[in-house]
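Reader: I am new to this structure and would like a close look at one helix, followed by whatever can be said about the aromatic rings elsewhere. Could you take me through it slowly?

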Amino acid sequence: MMLTPEQRIQLHGFNNLTKSLSFNMYDICYTRTKEEREAYIAYIDEQYNSDRLTGILSTVSDIIGAHVLNIAKQDYVPQGASVTLLVSEGPVSDEPEESFEESPGPLPEPAAVVMHLDKSHITVHTYPEYHPNEGISTFRADIDVSTCGEISPLKALNFLIHSFDTDIMTLDYRVRGFTRDINGHKLFIDHDINSIQNYIPKEETLLYDMIDVNIYQENMFHTKCKLKQFDLNNYLFGYTKDSLSESEQREITRRLKAEMDEIFYGKNMKELM
């Protein structure tokens, strides 16, 4: 249920609820040789360097209506990058009730900046890594959007999904703390939410197998997603499956799917067999 301006509860002071969105994405690739692995990691480091990541976070800040106060970024050796933005709550929309609607956010054109918010922060860390002997390389990016006040980080989720090539996503949203109305009554959440999935466009949800684990009474919501369709060509770096024998294709497919299942379910499947 959306609140109209007339229905909105008058608060005693600032809305100090803390709303946190964690967006974790994984990109899986098969790399046969050390040279392929190094080339894949170099590609990831170039595609998701700190400048590109700061641009993504800058747009997230615009979407949630925040004002950037400070930007810190770092590219690491031998691989990986981090960006932190400190932000403050920006001007409230002309139609403030829109922020309470349980629906996907917009897809604006990306800009290139990074920032800090005084009441909130946005961070990203990347983790390129590889299996020691299975030929699997995995790129993980963790983005956290933590806000105070009326800012809703969920409206940035649609843009984040479109900013990365994702095989698997794990999404967490939590509202913490409380704020008070003018009579001193505590409010532990200021909007209705049934599932994080409602903030993902329908056409995107059709692409993924999705599982919810929600604790409604604690205002904690968790969704994990795994891409449904599997095309081996999308997981080979620098060549196509036509250059492989059928037995090689089957074995590589088995390894890739095992990797994705283990990440999705959070378990080492071989140890359970």
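Author: At the start of helix α2, a side-chain oxygen of N49 comes to within 3.1 Å of the backbone nitrogen of D51, a polar contact (a pair of N or O atoms within 3.5 Å, one able to donate a hydrogen and the other to accept it; residues adjacent in sequence count only if both atoms are side-chain atoms). This is a predicted model, in which local features need pLDDT of at least 70 and side-chain atom pairs count only at pLDDT 80 or more, while totals for chains, interfaces and linings use all residues. Residues are numbered from 1 along each chain as its sequence is written, and side-chain values use heavy atoms, with hydrogens and water left out.

Helices are DSSP runs of H or I with at least four residues, and strands are runs of E with at least two, numbered from the N terminus. The 14 residues of α2, 50–63, should span 20 Å at 1.5 Å a residue, and because the end C-alpha atoms are 20 Å apart, the two values agree; the expected span is 1.5 Å times one less than the number of residues. The helix is mostly covered, with 11 of its 14 residues buried, that is, under 20% relative accessible area, where exposed means over 50% and partly exposed lies in between (1.4 Å probe, protein chains only). Among the buried residues are S50, L53, I56, L57, V60 and I63. After α2 comes G65, whose phi is positive, near 75 degrees.

Turning to the rings, a search of the whole structure finds 10 aromatic pairs, in which rings of Phe, Tyr or Trp (its six-membered ring) have centres within 6.5 Å, with planes under 30 degrees apart called stacked, over 60 edge-to-face and the rest tilted. One of them joins Y40 and F237 edge-to-face, at 5.7 Å centre to centre and 85 degrees between the planes. This pair links distant parts of the chain, since Y40 lies in helix α1 and F237 in the loop between β10 (220–227) and α5 (246–265), 197 residues apart. Y40 is buried, with a relative accessible area of 3%, whereas F237 counts as partly exposed at 23%. The rings of F264 and Y265 have centres 4.9 Å apart and planes at 80 degrees, so this pair is edge-to-face. F264 counts as buried at 3% relative accessibility, while Y265, with a relative accessible area of 41%, is partly exposed. Elsewhere, ring pairs link F23, Y48, F139 and F164 into a cluster.
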